[in-house]
Each structure stands twice: as structure tokens, then as C-alpha cells.
Amino acid sequence: MAGEVIAMTGCLPPRLPPGLVAGTFVVVAVLASTLIVYRLYLSPIVRISPNEVHINDPEYFAELNSNTLKLDKYAWYYGFAAAAGSGFGTVSSDLHRIRRNALAKYFSTSNVSHLEPFIQKWVAKLCSRLKEHRQDAKVVDLSNAYRCFAQDSLKDSAASIVSSKGRTLENAKPTVLQEIYDSDLPASEKSVSRFFQEAQTLTIAGTETTSNTLSFTTFYLLSDPTKIELLKRELIDMKRDLSQPLAYFDLQKLPYLAAVITEGLRISDSVAGRLPRVNRNAAMRYKSFEIPAGTAISMSIRDIHFNESIFSSAHEFQPERWLGDAAKKQALEKFMIAFSRGPRNCIGMNLALAEMYLVIGTLFRNFDMRLFDTKEEDLTIAHDFFMPFGPSDSKGLRVKVL
Ligand code: HEM
């Protein structure tokens, strides 16, 4: 019947041998799947859901996160935090700017220097617990010890207001939330619910990130005696009198320690989430692609920190890459984005750096440790919960204090 219709129209196609038809089909199928694989794995831009494209191009990170673009966070994605009232969870770029301004002073370099005694108090506590474990020849769960340290340090600043439950803020310590309370934000921005969300996100954002970076840095140092030796030498040369704590101001001047901290930040990849942004008002352009207004555009820090053309042997912990040639170091720093960039970058960066210098400096100056039953895979990301987590059966970083 079909043949008749075709015959009537006079368009009878030439009869192809069945083998050729099958062969053509296979070639087309292979080409199509190659194209899909290319789009998924090799193209720098991939559509990962109906509303989101993901870009893996180190050069584009600064552009997407530039201070001049007013991009929103992607509401659907950041819904995981259930904290749209916090600075971290705020979607609208305009509202975020107002909320962030009220917090920024608290986390400035100068204010963080006033917080040093609080941090030192918790470094001293960590040291005393390590000494106890040494005395009792007990294994130290350092991953959890670092979590406790990071949270205790924050407790003195961000979270103490939570216990006042908004009843009276007058008696609260000068905390980051007190800063918001005293700011000229409108009353609607000073609700108990918003204070709670701000305290909650600050506590989470400042605990897992800092402790994960400390765990990775400690693990890699303990895996390589030559690196420990270099670090210890620098710390011993800096100060022989141990009756006083090592000061952040002095630690910052140590080049090898600085390189260790920077490399720890790079390799620990402590924010694993893909950080999507949305331009509500205008289309965005990426190379030849026009991305319609309202589309979420995401990029992952990990893609950049593990890009072999920037950081050679990217999976190796090499503090040395940050030492030496100033021009080379500057070129790398452009892609060192552990704290992200632009208007939504990490507001707690100064606090985190102070904590990390003080912990790594003090611990490696005062203690000899060795790894206990810990492999790299115990720390390496197996789950992306915005922050990276290792395998479910991992016991984290464990050490013996010698
Ligand atoms: C090694 C430690 C840390 C790393 C690697 C880190 C990294 C980051 C990154 C990549 C972002 C951007 C997230 C996004 O775009 O959604 C961010 C945001 C943020 N971080 Fe951190 N962070 C660290 C420590 C801290 C600490 C100690 C605090 C708390 C005091 C903190 C509080 C925040 C907050 C509140 C935001 C949201 C900022 C905003 O949107 O205005 N972080 N952090």
C-alpha cells in the first residue's frame, strides 16, 4: 500500500541494500552518542537540568562572580539551607547587599584581630586535650576535634545570641548578631527568626569548612616527613619561648606556613556545591552561547582547583607551588578561589584564616603526631552535601600524639 502511494507520486526512492541501511544507522548512532558524551564531559558548558547550565572554565569564574553584575542566588538550589532570611541564603542581590553591609564590619581584618584571644582560648583547649590523649596513649579523632574547635571559636562570636532567644539582647556579648541589632537595618530585618537563621548558617558555614581544611592540611603534612620538617624548622626558628602562645601576626610572616595553608585550602575543596547564580533581568553570554535571563548558571570551585593546566599534579599536596617565582605565584592566585569571589564570597574568610594559622602553627610547633589508620580515601569527597564529606564508613582523620 505504501509502495503504491509512493509510486503514484513518482518519488520512489532507490532501494538500498539492508547492510548499508544498518551500517548507516550504526554510524549515526555512534556520532550522536559521541556528541552527547562530548557535551556532557568535554564541552565547558553543559545543560544539567531544564533551568541550569554548568560551566567549567576557570576564566569565567571571575566574570560570573564579578562585583558589577547583580546576580541572584538560585532559589531552588539554596533552598537546601532553609535559611532564606540569612545572608548566606538570601536570594535577591539587592537585599543581600543590605544584609551583608550590616555584617561586614564584624568580619573585617581589624575586628578579627580583636577576636584572637577567643580563638587562642580554644587553641589552648585543643592542645590540652591532645596532651591528655598523649598521656593516656589514646587515639585522637582529629576530624571531630577540629569541628569542635571551629564551632567553639564561633560560639564566642556568632552564635551566643541564640541562647537569648530574642528576649533580651541588651545583655548579650558584642557578637556579630549584636552588630546587626545595632545596625540601621529596618525593624523587619531584626526579627528573631532572622537572627536565628543568621546564627545557624554562620555556625554551619564556619564549622565544616574550616575543620575540613584543617583535617586535609594535617593529613597531608603527616603523610610527608620532609614537609613536617620544613614547617617545624620555620616555627622553631620563629620562637623558642613557648610560655606564650604563638601570635597570628607573627605566624602570617612565615612563608612555608602560608604556602601550607594556601595549598590546604586548594586541595581540601571545602565548599563542594556548584554555587548557581541567576540574572533575572538580562541574558548572559558565555562565548558563543546566549543564556536566557532567569537561567541558573553554576560553577564549581573544585573544577578550577583541580584543573591540571593551572595546578599541575593537582591531586598532590605541594605547598612549594606557592613559593618562589612571584609572577608564577600571582598567576596561580588568580585561580585560588577557596573563599569564592565577588559579592557572595566568604564573609568569614579573615576569621577562618586566623583559626587555621593558629591551629596548624601551634600544633606542629608543640606536638609530634602520626597518622592512625587513616588513608587519603577517608577524607576524599564521596558525598556532596554542599560541604564535602568522605565515605559513610570513614572514621575521618585519626592520629596518635607521640
Ligand atoms: C576554610 C574555611 C572556609 C571556606 C573554604 C569558606 C568558603 C566559602 C565559600 C566558597 C562561600 C561562597 C558560598 C556560595 O557562593 O554559596 C562562602 C560563603 C560564606 N561563608 Fe565561608 N568559608 C570558610 C569559613 C567560614 C567561616 C569561619 C564563616 C563564619 C564566620 C563563614 C561564613 C560564610 C558566610 C556567612 C557565607 C555567605 C556569605 C554571603 O553570601 O554574603 N565561612 N564561604
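Colleague: Let's start with the ligand. Which residues come nearest to the ligand?

Modeller: The model is predicted, so keep that in mind. There are 23 residues around the ligand. Ala205, Gly206, Thr209, Cys346 and Gly348 come nearest.

Colleague: Which helices supply at least two residues of that shell?

Modeller: Helix H9, residues 192–222, and helix H15, residues 349–366. The largest share comes from H9, with seven residues.

Colleague: And by class, what is in the shell around the ligand?

Modeller: The shell has 12 nonpolar residues, nine polar ones and two charged ones.

Colleague: Where is cysteine 346 placed?

Modeller: In the loop between helix H14, residues 326–333, and H15.

Colleague: Why does cysteine 346 count as partly exposed?

Modeller: Cysteine 346 has 19 C-beta neighbours inside 10 Å, so it counts as partly exposed. The cut-off for buried is 20 or more.

Colleague: What is cysteine 346 in contact with, leaving aside neighbours within four places in sequence?

Modeller: Phe339 and Ser340.

Colleague: Now leucine 353. Buried or exposed?

Modeller: Buried, because leucine 353 has 20 C-beta neighbours inside 10 Å. Leucine 353 lies in helix H15.

Colleague: How many residues apart along the chain are leucine 353 and leucine 265?

Modeller: They are 88 residues apart along the chain.

Colleague: What about the core? How many residues has the largest nonpolar core?

Modeller: The largest nonpolar core has 77 residues. Met356, Tyr357, Val359 and Ile360 have the most contacts inside it. H15 gives the largest share of this core, 11 residues.

Colleague: Change of topic: strands. How do S1 and S2 run?

Modeller: Strand S1, residues 45–49, and strand S2, residues 52–55, run antiparallel. Four bridges join them.

Colleague: How many residues lie between S1 and S2 in the hairpin?

Modeller: Two residues.

Colleague: Last one. Which residue in S2 does valine 46 stand opposite?

Modeller: Valine 46 stands opposite histidine 54.

Key. Residues are numbered from 1 along each chain as its sequence is written. This is a predicted model: local features need pLDDT of at least 70, side-chain atom pairs count only at pLDDT 80 or more; totals for chains, interfaces and linings use all residues. A residue is near a molecule or strand if its C-beta atom, placed from the backbone, lies within 6 Å of it. Ala, Val, Leu, Ile, Met, Phe, Trp, Tyr, Cys and Pro count as nonpolar, Asp, Glu, Lys and Arg as charged, and the others, Gly among them, as polar. A residue is buried if 20 or more other C-beta atoms lie within 10 Å of its own, exposed if 12 or fewer, and partly exposed in between; C-beta atoms are placed from the backbone. Two residues are in contact if their C-beta atoms, placed from the backbone, lie within 7 Å. Two strands pair if DSSP finds at least two bridges between them. A nonpolar core is a set of buried Ala, Val, Leu, Ile, Met, Phe, Trp, Tyr and Cys residues joined through C-beta atoms within 7 Å.
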